[in-house]
Amino acid sequence: MARKERVELHVKGMHCTGCETAIEQALKRLPGVEQVEADHRAEKVVAVVDLDQTPLEALRERIDLLGYEVVG
């Protein structure tokens, strides 16, 4: 049974819509990620994720690999 949850991450380092798009596309490639919205002005990323397929730490790692900092 899927364990879908809405997760919200505070992300530093996004400066424009290009940053938002990069994060959204990278996270959507992970298994179990159904929806992603990044907002550079609010410095947040909201995703709907099946945490059994992709744990929260995997989302953080992917964002870190792109050069952004997850702070909350």
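The model is predicted, so local features need pLDDT of at least 70 and side-chain atom pairs count only at pLDDT 80 or more, while totals for chains, interfaces and linings use all residues. Residues are numbered from 1 along each chain as its sequence is written, and side-chain values use heavy atoms, leaving out hydrogens and water.

Let's start at L27, which lies in helix 1 (residues 17-28); helices here are DSSP runs of H or I with at least four residues, numbered from the N terminus. L27 is buried, at 1% relative accessible area, where buried means under 20%, exposed over 50% and partly exposed in between, with a 1.4 Å probe and protein chains only. Beyond its neighbours within four places in sequence, L27 is in contact with V33, V36, V45, L59, R62 and I63 (heavy atoms within 4.5 Å). R62 is 35 residues from L27 in sequence, yet their C-alpha atoms are 7.1 Å apart.

Those partners lead us on to helix 2. I23, A26 and L27 in helix 1 meet L59, R62 and I63 in helix 2. The residues of this contact divide into five nonpolar, no polar and one charged; Ala, Val, Leu, Ile, Met, Phe, Trp, Tyr, Cys and Pro count as nonpolar, Asp, Glu, Lys and Arg as charged, and the others, Gly among them, as polar.

Now for the cysteines. The sulfur of C16 is 3.8 Å from that of C19, its closest cysteine sulfur, which is too far for a bond, because a disulfide needs two cysteine sulfur atoms within 2.5 Å. C16 is partly exposed at 35% relative accessibility, whereas C19 is buried at 9%.

Conventions
Helix = DSSP H or I, 4+ residues; strand = E, 2+ residues; numbered from the N terminus.
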